[in-house]
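Please read the points beside the sequence and the structure.

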Amino acid sequence: GIMSVRSWIANEGGKFLVLMLWLGVNTWMFLNTFLLFSSGEQYYYLYKMLGLGLCISRASASVLNLNCSLVLLPMCRSLLKFIRGTHTVRELLSEAKLTKSDTCNLFSCVAIHVSAHLANAANFSTSYSEEFPSLNVARYRGEVRLMNVFANRSFNYEIFWYTHNLFIVFYIVLMVHMVGGVLKYQTNIEAHPPGCFTANQSNMDPQAKEMEKADNEERRCTEEAHFQGHYPQTWIWLSGPLCLYCAERFFRYIRSCDPVTIVTVIRHPCNVIELQMLKNKFAARPGQYILLNCPAVSSFENHPFTLTTVRFYTIHFSLMSQGTQRFTQLLLTGSRTDMKTLPMVQHRKYPKIYVDGPFGSPSEDVFNYDVSLCVAGGIGVTPFACMLHTLLDRGWTHFRLQRLYFVWVCSELQSFYWFAELLCSVHHKLWQENRPDYFNMKLYVSQTDSLEEFKIISALYRPLTSRLLVGRPRWKLLLNELGKTNKHKRIGVFCCGPKAISRTLHRFCNSFQSSETVFEFNKESFS
């Protein structure tokens, strides 16, 4: 209906316009370059030899240059952190859809460009020009040795395809692969109009020569055609973004070269580890994340972790991957299996850890709405735990936020122990300040093995008992309820968790039908 269109525009409108602009620029560059090489007089003889392969290879190259320069910008994390200060840009970057489209288009252009050049290599051999030897790349008709060169080049593109770690190799090859001047254009069009008749065209068939002479009697040439290698342009497109990226990487290396000090390691239920650290001159905002590197695990891998507190510089992570399992083993080396906390006295046994960041994420915008809905799935609660810690430390009057809805979905009941004390502290403080409606909390557990856990929670964390539900949220019903309660409001929806939850919530936000309430969806992503 009309109202669902309004909700869709609120969530997707800006990103859709930017996507259409990007598609328009790509289409214009492809068509403009295609027409230039197919109808440009300076490429008349080259096009006659290579045909559509020339046009497609050059048109795809122009689009490739554009997208190779654009794809570097989202990799500049510090730049994105600075840009996120603009609300419009934050919305466009929230799901990095343009980056995904840019990458897909990049891969497509690589395949098209390499395929077209393979066709050009064959045409240079089969359509060898006897009339203009300098225009040829092959030394004689039928030579196919160039195929090996292009095959090797495509191998370099495959390196980029399969791994981002060697993308610099791809960019180096991209910038130098035209230095040889394989494609040439005519430099003396006025003295030698394309297709004109010259007196020394003696190698032509006599009958064809007479026909050519009759057709071009009024277009005689004053000199032979001269050709020059095409000037490489790729470096013009890439030098700026590449220098920006290199400067960014150097800045981040200097910033993260000192290892952090591990204060405490705490083992929580459901295989979750809490790591508290210290680092000089470290300052972060709620919702931001860091990149953590442990050389003992891998010198090159950097794992993103959302900060759960910014005052004590803490992260929580689950033992889901082999990397985090190995990292946890190193942290807990020498400790007893039943020990929950390793004090600072034993910090010398800890492995060295280097931290890069912090970096911004969409969760920073929670405080920029009058009403916000935070939805977490499992360990995805970490960015919102940081928000609650900040509200406890700084109070409620420092922010625009007037009402916060919090939904946390876990598969096991014990998972709520991670931040149960924090949730109870927020609840008690708000009741003491006579603001019970500021924080609305709902906890969902999808499965439970016994009622004993419910009794434990009821005894230790009473505020959570009445807000604990068995099953999964009914998202449509929940949004309708929030819409009726907060009429004439723009509600920010923030989700961090499994894709199934985020996709469902995103769809309902876009299709929400109300003339008085708009839900703006923001998905947590590590840009």
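1. Basis of the note. This is a predicted model, in which local features need pLDDT of at least 70 and side-chain atom pairs count only at pLDDT 80 or more, while totals for chains, interfaces and linings use all residues. Residues are numbered from 1 along each chain as its sequence is written, and side-chain values use heavy atoms, with hydrogens and water left out.

2. Overall make-up. The protein has 17 helices and 15 strands; helices (H or I, at least four residues) and strands (E, at least two) are DSSP runs, numbered from the N terminus. Of its 527 residues, 48% count as buried, where buried means under 20% relative accessible area, exposed over 50% and partly exposed in between (1.4 Å probe, protein chains only). Among contacts with a separation of 6 or more, 76% come from residues 24 or more positions apart; a contact means heavy atoms within 4.5 Å.

3. An open sheet is formed by 6 strands in the order 13-12-11-10-14-15, with parallel pairing; two strands pair if DSSP finds at least two bridges between them. Strand 13 (468-470) and strand 15 (517-523) are the edge strands, each pairing on one side only. From one strand to the next, the twist averages 20°. Such angles run from 0 to 180 degrees between N-to-C directions, and the axes are lines fitted to C-alpha atoms, for helices over the stretch in contact.

4. Strand 14 and its neighbours. Strand 10 (residues 371-377) pairs with strand 14 (residues 489-496) in the parallel sense over 6 bridges. Ser 372 has Gly 492 of strand 14 as its bridge partner, and Val 375 stands opposite Cys 495 in strand 14. Strand 14 also pairs with strand 15 in the parallel sense, over 7 bridges, and there the bridge partner of Lys 489 is Thr 517 in strand 15. Strand 14 is mostly covered, with 6 of its 8 residues buried.

5. Helices across the sheet. Helix 13 (residues 420-432) lies across strand 11 (403-410) and strand 12 (439-445), and runs at about 150° to strand 12. Helix 16 (residues 475-485) lies across strand 10, strand 11, strand 12, strand 14 and strand 15, running at about 170° to strand 11.

6. Nonpolar cores. A nonpolar core is a set of buried Ala, Val, Leu, Ile, Met, Phe, Trp, Tyr and Cys residues joined through side-chain atoms within 4.5 Å. The largest one holds 43 residues, of which Phe 406, Trp 408, Leu 423, Phe 439, Leu 443 and Leu 464 touch the most other members. At least two residues of this core come from each of strand 10, helix 12 (382-394), strand 11, helix 13, strand 12, helix 14 (452-460) and strand 14. Leaving aside residues up to four places away in sequence, Leu 464 touches Ala 420, Leu 423, Cys 424, Met 441, Leu 443 and Ile 457. A second, separate core of 22 residues includes Val 265, Leu 275, Met 277 and Phe 282.

7. Aromatic residues. The whole structure contains 17 aromatic pairs. Rings of Phe, Tyr and Trp (its six-membered ring) pair if their centres lie within 6.5 Å; planes under 30 degrees apart count as stacked, over 60 as edge-to-face and the rest as tilted. Trp 408 and Trp 418 form a tilted pair, 6.1 Å centre to centre with 45° between the planes. Trp 408 lies in strand 11 and Trp 418 in the loop between strand 11 and helix 13, so this pair ties together parts that are 10 residues apart in sequence. Trp 408 is buried at 0% relative accessibility, and Trp 418 is buried at 9%. Tyr 417 and Tyr 461 form another tilted pair, at 6.2 Å centre to centre and 45° between the planes. That pair links distant parts of the chain, 44 residues apart: Tyr 417 is in the loop between strand 11 and helix 13, and Tyr 461 in the loop between helix 14 and helix 15 (462-465). Phe 406, Trp 408, Phe 416, Trp 418, Phe 419 and Phe 439 form one aromatic cluster.

8. Cysteines. How many disulfides are there? The count comes to 0 disulfides, a disulfide being a pair of cysteine sulfur atoms within 2.5 Å. For Cys 509, the nearest cysteine sulfur is that of Cys 495, 9.1 Å away. Cys 509 is buried, with a relative accessible area of 0%, and Cys 374 is buried at 2%.
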